[in-house]
Amino acid sequence: MQWKFPVLVALSILGVGLLLTGLVENRYVYFAAYVILQYVVLATAWNILGGYTGYVNFGTPAFFALGAYTATFLMLAFHAPFLVLLLAGGLVSGLLGLGIGYLTLRLKGVFFSIATLALTVVLQTLIINWEFVGGAKGTSILRPASMLFFSNYVKFLFMVMLCLAVGAVLVAWWLEHSWIGSGLAAIRDNEEAAECMAVPTLRLKILATTISGCLMGLAGAPFPLHITLIEPTSAFNLDYAVNSLAMPMIGGTTTWLGPLVGAVLLGVAQQAATVTISSELNLLIVGVVLVAFIMLAPEGIVGLVRRLVKGERI
Amino acid sequence: MFSMELLLNAITAGMLLGGFYAAVSLGISVTFGLLDVPNIAHPVFIIAGAYAAYAMNTAFALDPILAGLLFTPLFYGLGVVVYRIYYVSFEKKGEQALRGLVFFFGLLFILEVALSLIYGVDYRLVEASYIGNSVSVGIVGISLRLFIPFMVGLLLTLALYLFLAKTFYGKAIQGVSQDSLALRLMGADPIHMKTIAFGLGIATASLAGALLIVIAPVEPAIGREYIGRAFAIAVLGGMGSIGGTLVAALILGVAESLTSTFSGPSWSLAVSFGLLLLALAVRPSGLFGR
């Protein structure tokens with residue numbers, strides 16, 4: 001496996017990000033970039049399960065919010081340091097992913113998807129009734145003025161999310177290029193046939209749900225510090241489910257590049273639309289683009305480009 | 001805080017609510033249960049029905065349930081169009097399962113955002129003479145805003161049951177879910193039958209939406225709550241069984257009402273979704289599965 005080149009690219013992206021924090025002062029840039037990078041993580045995480053194995057997860061908000069609330073709880077209860085929050089968020093959501101992995105034993109196709117949706121609502125109800133983390137009203141988080149060598153906290157959060165995004169894409173790239181990726185693709189194409197060919201389907205599915213859940217939890221853990229007021233409606237927002245599924249679908253679900261392309265394009269478009277038009281309208285655009293792609297270009301932008309390139313060669 | 005009176009009232013309210021839940025879930029029992037179309041957009045069609053009734057009620061002071069009934073042909077047409085698009089784009093190519101699901105998820109999202117763009121996110125309500133009145137039978141109070149939707153829900157269930165069991169089209173629709181090749185050999189076009197059935201499923205959403213806005217004020221995002229409820233009922237009811245749907249709806253209504261009375265309303269939603277998870281994990285074929 002050629003791992004040197006991707007790692008070099010990843011490191012140079014991180015370097016450019018770091019350089020940026022020294023040059024640009026406008027806080028909104030970091031805020032917007034954080035949101036887009038967060039979608040890169042969520043879309044990539046969703047795709048590890050949805051795109052590679054074909055199990056459609058509507059429960060992104062559940063994993064994301066679980067990460068966010070784990071961090072909130074640790075902050076309120078123990079004033080835990082940032083790294084602990086991050087790791088705990090990833091761990092708890094990863095455990096939920098593990099549980100969901102066992103669910104795939106009994107639930108296939110549509111039933112699995114509906115179960116993940118149900119899980120989201122059940123978790124949200126639990127959080128609404130948990131007074132310690134603020135219940136339905138939510139709770140405000142005080143963030144430190146600065147962190148490490150960054151001149152303000154927003155820059156620090158941006159850098160954290162950039163690391164997570166780069167890390168998530170690397171994980172997806174690695175999965176795809178190892179034997180695990182072939183196994184997952186076999187599950188997507190025909191689970192029973194894969195099982196017959198001695199592909200360890202259950203273990204692979206559990207691995208995919210755990211990694212996917214863990215990444216979503218990692219993306220959620222800094223969320224309370226980013227938004228500074230955490231409450232169930234925003235943490236369990238259905239927009240996360242739609243976006244994290246629409247972005248890979250639009251970009252292309254079979255490669256690591258698809259969710260990245262989809263998240264950057266759709267994320268930038270949404271940020272631009274939120275500023276210039278309205279946030280309601282930008283959600284409408286996401287929905288329409290999603291439906292258009294699923295009907296007309298099921299292989300996504302990456303697939304379209306590939307077909308174009310191949311067509312030119314012939 | 002526990003008393004016989006409270007318990008009886010909670011059970012009565014739950015039964016009444018259950019009749020309404022049956023109306024909400026029938027569409028899913030038909031489209032998802034019988035036809036295997038992953039129609040998770042159904043709840044938002046119900047919300048659209050509620051807003052149609054609201055628009056008629058505020059503009060012409062029309063009775064909301066009558067308005068819901070008047071809109072059924074329009075919703076039938078809408079259902080026919082949606083099914084045709086779904087059929088051509090997904091079912092015909094044999095890739096309906098997951099991409100079809102995402103299609104309906106996208107549809108749900110588009111309709112919900114469109115409704116909130118038109119009507120805003122404020123709660124809307126309707127006016128009718130029976131809203132706010134109640135009758136008491138012994139120690140049990142029955143509010144008409146629950147009783148009338150309950151009766152309409154029962155009638156709708158009965159009508160759909162008779163249609164599926166007694167008429168040629170109804171039998172053909174049941175046939176398509178079991179063996180569409182056999183149906184074709186009998187000289188009936190399965191796609192035509194599925195189109196009719198899907199249209200009917202969406203048509204029930206118009207009436208269910210009118211019942212919804214009679215029971216409680218409505219805002220666009222409220223449809224999400226009904227995804228879990230309606231699917232829980234359709235799955236518990238045995239996927240496509242109309243009688244089973246009614247029984248499951250009554251059970252869920254009573255369970256929610258009891259939870260809401262004795263543990264607080266914020267828990268009642270968890271009951272339906274919890275039941276759904278339990279049903280999916282333990283017995284996916286439902287209480288009355290085939």
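This is a predicted model: local features need pLDDT of at least 70, side-chain atom pairs count only at pLDDT 80 or more; totals for chains, interfaces and linings use all residues.
Start by selecting chain B, which has 12 helices and 2 strands; both are DSSP runs numbered from the N terminus, helices being H or I with at least four residues and strands being E with at least two.

Residues are numbered from 1 along each chain as its sequence is written, and chains are lettered from A and ligands numbered from 1 in the order in which they are written.

Next, select residues 134-137 and 140-143 of chain B. These are strands β1 and β2, which run antiparallel and are joined by 4 bridges; strands pair if DSSP finds at least two bridges between them. Look for Ser134(B), which stands opposite Ser143(B). The hairpin has 2 residues between its strands, and Gly138(B) there takes a positive phi near 65°.

Now bring chain A into view. The contact between the chains takes 34 residues from chain A and 31 residues from chain B, with contact meaning that C-beta atoms, placed from the backbone, lie within 7 Å. On the chain A side, select α5 (109-128), α12 (238-251) and α14 (279-296), the elements that give two or more residues. The largest share, 13 residues, comes from α5(A).

Finally, look inside. The largest nonpolar core has 203 residues, and among those touching the most other members are Ala118(A), Ala165(A) and Leu276(B). Such a core is a set of buried Ala, Val, Leu, Ile, Met, Phe, Trp, Tyr and Cys residues joined through C-beta atoms within 7 Å; a residue is buried if 20 or more other C-beta atoms lie within 10 Å of its own. Helix α6 of chain A (residues 153-177) gives the largest share of this core, 16 residues.

Which residues does Leu276(B) contact, leaving aside its neighbours within four places in sequence? Select Ala118(A), Gly228(B), Phe231(B), Ala232(B) and Val235(B) to see them.

Conventions
A residue is buried if 20 or more other C-beta atoms lie within 10 Å of its own, exposed if 12 or fewer, and partly exposed in between; C-beta atoms are placed from the backbone. Two residues are in contact if their C-beta atoms, placed from the backbone, lie within 7 Å.
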